[in-house]
Amino acid sequence: MDDFAGYAVEVALQTKEKAGSGEVVVVAVGPDSVQETLRKAMSMGADRAIQLKTDTMPFDGLSIAKALAAELKAGAFDLVFFGKHAFDTSAGVVGTATAELLGLPCVTAASKLEIANGKGSARRELEGAAELVEFALPAVVTIDEGIARPRYPSLKGIMAAKKKPLESRPAQLGPIRVVVKGMALPPDRPPGRIVGEGPGAVTELVKLLQTEAKVL
Amino acid sequence: MANVLVFAETRGGELRKLATEAVAAARRLADATGGGEVHAFVAGAPGVAQKADALGRYGADVVIALEHPALATFERESIAATIAARAKSASYRAIVLGFSAQGRDLGPRLAAKLDAPIVSDIVDLEVAGDALTVKHPGYANKVMITLTISGSPAIVSVRPSAFSAQESPRTVRAETIAPAADPSAARVKVTQVVEGSKGRPDLADAPVIVAGGRGLKAPENFKLVEDLADAFGNAAVGATRAVTDEGWRPHADQIGQTGRQVSPQLYVAVGISGAIQHLAGMRSSKTIVAINRDKEAPIFKVADYGIIGDVLEVVPALTQAVREAKKGH
Ligand SMILES: Cc1cc2nc3c(=O)[nH]c(=O)nc-3n(C[C@H](O)[C@H](O)[C@H](O)COP(=O)(O)OP(=O)(O)OC[C@H]3O[C@@H](n4cnc5c(N)ncnc54)[C@H](O)[C@@H]3O)c2cc1C
């Protein structure tokens, strides 16, 4: 499970627990390998799962958002949580674009979240500042670092997850207009060196920062 | 020849550095198509239109100002609706934003509203005929991915510091635009902006970052990191997840895979082991210094310069040496 997706599942479970009732449904777009991720979410406590099946995972976030919006259009839910971004693309497109396609209010990259009385409030980290927002439900919220860590599934949870329903149907991806042309590993950093041991080494370090690295 | 729209972000009525970088990227894109115009979109409280000249300096031909008292804060729904309305009435080859809290929020909204392809966090771009090719460091900065985007407008957001803001002065045509959605009637409403600690640059802007890890042992020892940052002058302070989880520093200071991604001129890692998730956020720094008492710590594999030793002894000595070096200038 992707880092931020794990946070999102945890936030969903906590939201249900706090509300005292409700249902947590996990949805994933992707090939059959995502079923394992969906089972993991159910072993953490999600009630059921839906796979929107694709052959491969497109790099086109909007096409994935379209598949999700098509699925969620008919759904009755109060909140949809996403991770802030995915590990591979770090784009952060899918959650917000899905909200927009559904016409729902969306809070991106929430680092704190409160849901009460049919309303939500959240904190978002800006660069060197933060903003507090209020929003109406139903809404889409994408989850940043700092809210919650995914719980470890219990043995009981793992056993129960095997029996929970997992539906699978073809994803209605939009047209794929972003295509990977190539991938390359960035050049390795040149090997560094140990300047010395203990406080006595700082003189040499400062000299190197001045004359060699020229950053001081 | 094709025109490019660029969102020039502001905070507290001031243009952000990333705004000028985005304008420079848009200029490059427009020039690469054979010399189209760059239209910069700026939103804020009344008065923000005065930023037109500054945007012209970095290559904007037209500045479209959206002014409204409620836009003193980032009212995303109104801004997205207004940019989308503008983009529908003109034909843009691309829409450029910064990959920042604002740009990350607006980009996908515009993509959905305009049914336009989007790629976030690009560090390079190239135009060849109809094709727009961009580079994006993916998989937590481990792989440089080249992507082609088909269709107009293509939406891209530029990584901070990847495109340098170059002066390319123009005479600006200033326009104003009415909000396409009332900014005071948004469904997501900003109630407060909490300013960060004054006097320090943000992690994205700082030429020097001093970051502390669990090796500092106790929250009060972060004072040593602060002091070293002060000695450098223009430095920001960062932390590992071990430290933010302990609550020694706020999560906003976290650097790494699930924190901020940075690439300063100089990164000083203090008592940091160098876990893969931490390296994901800082390995592209120009020069890396590591101080750790364990000579086998993985951080030394990426560090240009390492000192083996106790941070509680080495860091105060380094702070003193940096102060003296600065005085000597
Ligand atoms: C999903 C996920 C996401 C994560 N995301 C991030 C992230 O974004 N950022 C991040 O940083 N981590 C992240 N982590 C955590 C990461 O794996 C490491 O646990 C973390 O980076 C370790 O932080 P540290 O180096 O401060 O602590 P440690 O690994 O405990 O290292 C402390 C270091 O200090 C040294 N030391 C101890 N005492 C002294 C002394 N007196 N003087 C000198 N040196 C000393 C030790 O030798 C050691 O190398 C993530 C983990 C997971 C599972």
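## Close-up views of a two-chain model and its ligand

**View 1. The two domains of chain B.** Chain B is divided into domain 1 (3-185) and domain 2 (208-327), with bounds that come from an automatic or database domain assignment. Taken over C-alpha atoms, the centres of these two domains are 34 Å apart. This is a predicted model, in which local features need pLDDT of at least 70, side-chain atom pairs count only at pLDDT 80 or more, and totals for chains, interfaces and linings use all residues. Residues are numbered from 1 along each chain as its sequence is written, chains are lettered from A and ligands numbered from 1 in the order in which they are written, and side-chain values use heavy atoms, with hydrogens and water left out.

**View 2. The ligand and its neighbours.**

**View 3. Polar contacts with the ligand.** A polar contact is a pair of N or O atoms within 3.5 Å. Look for an oxygen atom of the ligand 3.0 Å from a backbone N or O atom of B:R241. An N or O atom in the side chain of B:Q254 lies 2.9 Å from a ligand oxygen atom, and a backbone N or O atom of B:I255 is 2.8 Å from a ligand nitrogen atom. The protein buries 81% of the 980 Å² that the ligand exposes when taken alone; such areas come from the Shrake-Rupley method with a 1.4 Å probe. Helices (H or I, at least four residues) and strands (E, at least two) are DSSP runs, numbered from the N terminus.

**View 4. The largest cavity.** On a 1 Å grid over the protein atoms alone, a cavity is a set of points where a 1.4 Å probe fits but cannot get out, and its lining residues have an atom within 4 Å of a point. Three cavities of 30 Å³ or more turn up in the whole structure, and the largest contains about 70 Å³ of space. A volume is the space filled by probe spheres set on the points, which are joined across faces, edges and corners. Its lining includes A:F4, A:H85, A:S90, B:A140 and B:Q257.

**View 5. The second largest cavity.** This space has a volume of about 40 Å³. Its lining is made by A:L126, A:E127, B:E9, B:R11, B:R16, B:A101 and B:Q102. These residues divide into two nonpolar, one polar and four charged.

**View 6. Backbone details in loops.** The peptide bond from A:L137 to A:P138 is cis, with omega near -5°, and A:P138 sits in the loop between β6 (129-136) and β7 (139-143) of chain A. In chain B, another cis peptide bond joins B:S152 and B:P153, with omega about -10°.

Conventions. A polar contact is a pair of N or O atoms within 3.5 Å; within protein, one must be able to donate a hydrogen and the other to accept it, and residues adjacent in sequence count only if both atoms are side-chain atoms. On a 1 Å grid over the protein atoms alone, a cavity is a set of points where a 1.4 Å probe fits but cannot get out, and a pocket is an open set with protein on both sides within 12 Å along at least five of seven lines; lining residues have an atom within 4 Å of a point. Ala, Val, Leu, Ile, Met, Phe, Trp, Tyr, Cys and Pro count as nonpolar, Asp, Glu, Lys and Arg as charged, and the others, Gly among them, as polar.
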